[in-house]
Amino acid sequence: MAARPGTSVGALRALIVEAGEYLCAVPVHQVVRVLRALPVHPLPGAAPELLGLAEFTGEPIPVLDLCRLVKAPPGPRPPTPVTVVAWAGPPEARELVGLAADSALEIVEIAPAEVVAAGTQTLCGEASVGGRPVRVLNLEALGAP
Amino acid sequence: MLRGSDALPGSPLTGLLLMIGFGLLGSVGLAVGLSHGTPSWVFYTVLPIGVALLVLYVVLVFLPHTAQHRALVEATEAAQRLEERLGDTSAHIQAGDLVATLALAERLPPRLAVSFANAARSLGALVQQIQNSSIEVAVAGNAVNATASELASGSSEQAAGVVEITATMEELARTAAQIAANAASQAELALHAEQTGDTGAAAVEDALHGVEEVQKRISGIASRADTLGARSKEIYRVLDLITEIAQETHLLSLNATIEAVAAGEHGRRFSVVADEVRRLAQRSQESVASVRSLLDEFAGSIRATVVATEEGGKEAGHVLERAQSAAAAIAELRGALADTARAAREISFATQQQRTASDQVVLTLKEVSQVIQRMAEGLKHFSGTAERLNQLALSIQMLTQSFRLDSSRSLKNLGERWADEVALRAGHWEALGSQIEETVRHSPFVELVYVADMNGNVVVSAANPEWVGSDSQSSAVTAGVNAKDRPWFQAVLRDGRTVITPLYESLLTGERCFTVASPVRQAGGPVIGVLGIDVNLRSWTKI
């Protein structure tokens with residue numbers, strides 16, 4: 001069960017975003033900014049998850065397709081797509097990346113005990129928020145080799 | 001007839017015998033007297049006186065009387081011969097044989113011969129004239145009869161035709177009456193329809209005005225709906241703007257929360273504010289969504305209203321067009337109904353006149369029919385009169401044929417002549433048959449000619465091919481026929497003259513005919529047979 005922000009100690013505070021049919025949770029401490037979808041300049045020959053490069057505070061950042069990243073089935077056309085700018089990679093070599101999501105919903109607290117480990121590198125596990133399954137992203141592992 | 005004994009009651013021979021008787025009686029008396037003493041002078045006186053008287057009687061009475069008697073006998077014989085000739089002549093006249101009368105008249109004394117000949121010729125001329133006249137009368141009667149029959153037939157057909165025309169005219173009159181009634185009813189209906197058309201035209205006119213007003217109202221509604229639609233779009237733009245602001249506020253609250261989290265304990269209060277802002281933004285979005293939903297419904301209603309008003313406007317336009325067409329049609333219909341009513345009145349009037357005329361024609365035709373029927377009856381009576389006239393002429397013709405004239409139209413004379421020719425070939429039947437056939441072929445009024453011997457057996461015959469056909473055998477017609485019991489055969493043998501039978505129906509043709517039967521004499525002497533000629537009446541009267 002997700003907790004209200006600031007009500008419990010040791011809980012994970014995460015930004016809930018929509019990615020296709022899935023809900024994903026991005027740890028708040030890794031989020032830098034939630035913006036309207038940034039204009040993306042695609043890179044030729046890039047991986048399918050990499051939509052391209054966007055400009056944030058004067059610097060180019062890679063923008064990843066969150067749906068492809070979590071392998072979510074595509075949902076309806078989002079009315080207000082957003083780009084979540086967050087730190088990715090290990091703390092010693094973190095980089096700003098943009099995550100292209102359908103919408104940013106809210107910030108919730110997730111008890112670590114509710115997180116069920118998942119078998120992939122990009123996810124810490126899955127939890128239940130408001131009765132719906134939420135996939136908790138592991139952004140530190142995103143930039144690991 | 002005066003006889004000699006009647007003219008001279010005492011004949012000379014009787015007187016002489018009386019004288020001789022008286023002389024003998026005187027002589028006997030004288031002798032008796034002398035024997036009884038009578039004186040002799042008496043004897044010698046009486047005797048010479050007696051002789052002298054006897055001589056005187058012979059000379060003065062007997063001889064002249066004997067000469068007169070002889071002359072009287074001769075005259076009597078001559079008178080008897082004359083009587084016989086006169087009898088024969090009269091008998092021929094009585095029998096109507098004027099040819100024989102003329103022949104016998106030549107044997108009469110000249111004055112009588114001339115008188116008889118003149119009388120016979122006059123009678124013959126009269127009979128011939130009567131015969132010719134009767135033939136003409138018969139022909140005229142036939143013609144009148146045929147014409148009258150034709151006219152009567154024509155009159156009957158005409159009467160029947162008039163009856164049919166009368167029935168047709170009556171039917172026409174009834175039809176005209178029915179048409180007149182129908183036309184009057186039609187005129188009344190047309191008038192009513194015209195009035196109804198006027199009412200309908202007024203109603204359509206009102207409907208036109210109403211539809212035009214409705215169309216104007218619909219146009220006004222459509223205009224207002226367009227205005228509302230435009231305002232709705234403005235509201236949508238405002239809502240979009242509010243939505244966008246709410247989203248931005250939402251993102252801003254999220255970022256504020258993120259920053260508050262990053263600030264740690266210092267950002268806790270800020271986090272609460274950010275959360276409130278996020279909620280406010282969320283409520284704003286919900287309110288916008290609610291307003292948008294209401295506005296969608298409102299816009300949908302407006303669009304439906306616009307569509308409805310457009311359709312209503314189009315329908316009103318169509319209704320207006322149809323109403324205008326209906327008004328034009330009703331106006332045209334009113335004109336047509338007025339024309340129909342007028343035409344129906346004219347038809348009614350005309351058919352009433354036609355009915356009156358038809359009734360008059362029917363009356364006239366009935367009168368004509370009666371006249372024709374009377375005329376037909378008169379013609380039938382006329383035809384009957386003509387038929388009787390024809391029969392009368394035929395009877396006269398048959399009466400005139402009882403005379404034998406020296407004429408080709410005298411059948412008795414014809415029979416006698418043919419009988420003489422037959423007599424020349426009596427016994428040579430084959431040659432006679434050919435001759436008769438040739439004769440018959442040139443006599444179209446003859447059906448059959450035959451010759452019977454004294455026993456009544458028909459020995460030769462010839463039928464006219466014109467009546468029995470060319471293939472028929474003449475002998476077959478009279479084969480096995482015996483005329484011995486026939487009245488004409490018996491009459492010819494009895495009287496020795498040509499006879500003509502009454503009319504009877506021919507066994508050969510089924511038509512009326514009569515037979516001319518003439519005696520066949522051997523060299524003008526005894527009768528050796530009878531010649532029969534069957535004459536067709538219709539053909540004979542035509543001749």
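Let's start with Lys71 of chain A, which sits in the loop between helix 1 (66-70) and strand 7 (82-88) of chain A. This is a predicted model, by the way, so please hear everything I say as a description of a prediction. Lys71(A) has a positive phi of about 55°, although it is not a glycine. Is Lys71(A) buried or exposed? Lys71(A) is exposed, with a relative accessible area of 68%.

Thr57(A) is in the loop between strand 5 (50-56) and strand 6 (59-65) of chain A. Its phi is near 45°, again a positive value in a residue other than glycine. With 64% relative accessibility, Thr57(A) counts as exposed because the cut-off for that word is over 50%.

Now, those loops lead us to the sheet. In chain A you can find an open sheet of 5 strands, in the order 4-7-8-6-5, with mixed pairing. Which strands stand at the edges? They are strand 4 (31-36) and strand 5 of chain A; each has a single partner strand, so one side of each is left without a neighbour in the sheet. On average, neighbouring strands of this sheet are turned by 30° against each other, direction ignored.

Let's stay with strand 4 of chain A for a moment. It runs antiparallel to strand 7 of chain A, and 5 bridges join the two. If you want one pair to click on, take Val31(A), whose bridge partner in strand 7 of chain A is Ala86(A). And here chain B comes in: helix 5 of chain B, residues 110-263, packs on the sheet and touches strand 4 and strand 7 of chain A.

My last stop is Thr501(B), in the loop between strand 3 (499-500) and strand 4 (504-505) of chain B. Thr501(B) has a relative accessible area of 11%, and it is called buried because that word applies under 20%. What does it touch, leaving aside neighbours within four places in sequence? Its contacts are Met398(B), Trp488(B), Phe514(B) and Thr515(B). With Thr515(B) there is a polar detail too: the side chain of Thr501(B) reaches the backbone nitrogen of Thr515(B) at 2.9 Å.

Thanks, everyone!

Note on methods
Residues numbered from 1 in each chain as written. Chains lettered and ligands numbered in written order. Predicted model: local features only at pLDDT ≥ 70, side-chain atom pairs only at ≥ 80, totals over all residues. Heavy atoms only, no water. Helix = DSSP H or I, 4+ residues; strand = E, 2+ residues; numbered from the N terminus. Buried < 20%, exposed > 50% of the residue type's maximum accessible area, 1.4 Å probe, protein only. Pairing = 2+ DSSP bridges. Axes fitted to C-alpha atoms, helices over the stretch in contact; angles between N-to-C directions. Contact = heavy atoms within 4.5 Å. Polar contact = N/O pair within 3.5 Å; in protein donor to acceptor, adjacent residues only side chain to side chain.
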